[in-house]
Amino acid sequence: MSREIIRTKKFVADAANFIVGLAHKALAERNEFRIALSGGNTPRPVYSEIARIAHDLPWERILITFGDERCVPPDEARSNFRMASETLFVPAAIPEKSIIRMRGEIEPQIAAQEYQDHVDLLATQRGEAIYRHDLILLGLGDDGHTASLFPGTAAVQETLRRVVANFVPKLNTWRLTFTFPLINHARHGCFLVNASKQSELIERVLSGDTQYPAARVQCSEITWIIGQ
Ligand code: 6PG
């Protein structure tokens with residue numbers, strides 16, 4: 001596993017350029033780019049910037065999944081799909097067939113199984129045992145969670161399933177999330193961490209303190225893009 005740490009005052013521009021650069025690399029090497037989006041607030045301006053600088057990417061050869069989703073309808077303010085749709089999918093006119101949405105509006109266990117079946121089908125179609133993302137975008141929560149792998153929750157311990165429904169007691173809500181078996185199978189993981197994040201938490205995660213789920217991400221290559 002190799003790791004790169006980029007500390008930058010141009011967080012949005014550097015993050016967008018990094019992602020678009022990996023897209024061009026994957027498309028050149030494999031004629032396909034498989035990216036999983038992260039949710040929350042941090043990626044919002046990055047997705048807008050990608051739509052601005054890379055609206056001409058061959059989106060029909062790009063497969064977009066979600067690392068996690070809130071268990072809400074897609075038009076609800078908390079929906080990661082809605083955030084990505086407003087900032088990237090609509091502005092860049094990305095075709096619907098390139099987007100694989102987690103159905104947060106249905107029963108969580110059913111939604112997780114449905115999404116895992118879809119990801120597993122994509123893997124089988126490509127001769128893979130586990131679907132291999134080219135890039136998984138990841139955020140960092142104030143408690144060290146990433147995707148919806150919150151400290152002390154069942155999903156953190158999952159070693160077989162690729163996608164699960166995860167109850168998060170601190171939020172008193174269900175989430176849908178990738179697990180480490182799927183995340184760690186990606187070619188590249190990229191943490192997007194803006195300047196609002198606590199530097200002490202970042203350093204603890206970077207030091208490998210596995211009390212924080214984010215520290216357990218072990219993709220082949222990991223890049224941290226940290227805003228200053
Ligand atoms: C989510 C995200 C989650 C997020 C972190 C950081 O659905 O909320 O996937 O893992 O990346 O909570 O969120 P912010 O970027 O809003 O601080």
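A search of the whole structure finds 1 cavity of 30 Å³ or more. Here a cavity is a set of points, on a 1 Å grid over the protein atoms alone, where a 1.4 Å probe fits but cannot get out; a pocket is an open set with protein on both sides within 12 Å along at least five of seven lines, and lining residues have an atom within 4 Å of a point. Grid points are joined across faces, edges and corners, and a volume is the space filled by probe spheres set on the points.

This is a predicted model, in which local features need pLDDT of at least 70 and side-chain atom pairs count only at pLDDT 80 or more, while totals for chains, interfaces and linings use all residues. Residues are numbered from 1 along each chain as its sequence is written, and side-chain values use heavy atoms, leaving out hydrogens and water.

The largest cavity has a volume of about 90 Å³. Its lining comprises 14 residues, with Ile 19, Ile 35, Ile 50, Trp 59 and Leu 88 nearest the centre. Two or more lining residues come from each of α1 (11–30), β2 (33–37), α2 (43–53) and β3 (62–66); helices (H or I, at least four residues) and strands (E, at least two) are DSSP runs, numbered from the N terminus. By class, this lining has 14 nonpolar, no polar and no charged residues. Ala, Val, Leu, Ile, Met, Phe, Trp, Tyr, Cys and Pro count as nonpolar, Asp, Glu, Lys and Arg as charged, and the others, Gly among them, as polar.

## The largest pocket

Now for the open spaces. The largest pocket has a volume of about 410 Å³. Of its 26 lining residues, Gly 39, Gly 40, Asn 41, Arg 70 and His 145 are closest to the centre. The elements giving two or more residues to this lining are β4 (68–70) and β5 (135–138). The lining divides into 9 nonpolar, 13 polar and 4 charged residues.

## The ligand

Which pocket holds the ligand? The ligand sits in the largest pocket, meaning that more than half of its atoms lie within 2 Å of the pocket's grid points. Around the ligand are 15 residues, the closest being Thr 42, Asp 68, His 145, Ala 147 and Lys 197; a residue is near if one of its heavy atoms lies within 4 Å. This shell has 2 nonpolar, 9 polar and 4 charged residues.

A polar side-chain atom of Arg 70 lies 2.7 Å from an oxygen atom of the ligand. A polar backbone atom of Ala 147 is 2.6 Å from a ligand oxygen atom.

## The second pocket

The second largest pocket holds about 250 Å³ of space. Its lining includes Phe 81, Phe 89, Ile 99 and Tyr 115.

Terms used: A polar contact is a pair of N or O atoms within 3.5 Å; within protein, one must be able to donate a hydrogen and the other to accept it, and residues adjacent in sequence count only if both atoms are side-chain atoms.
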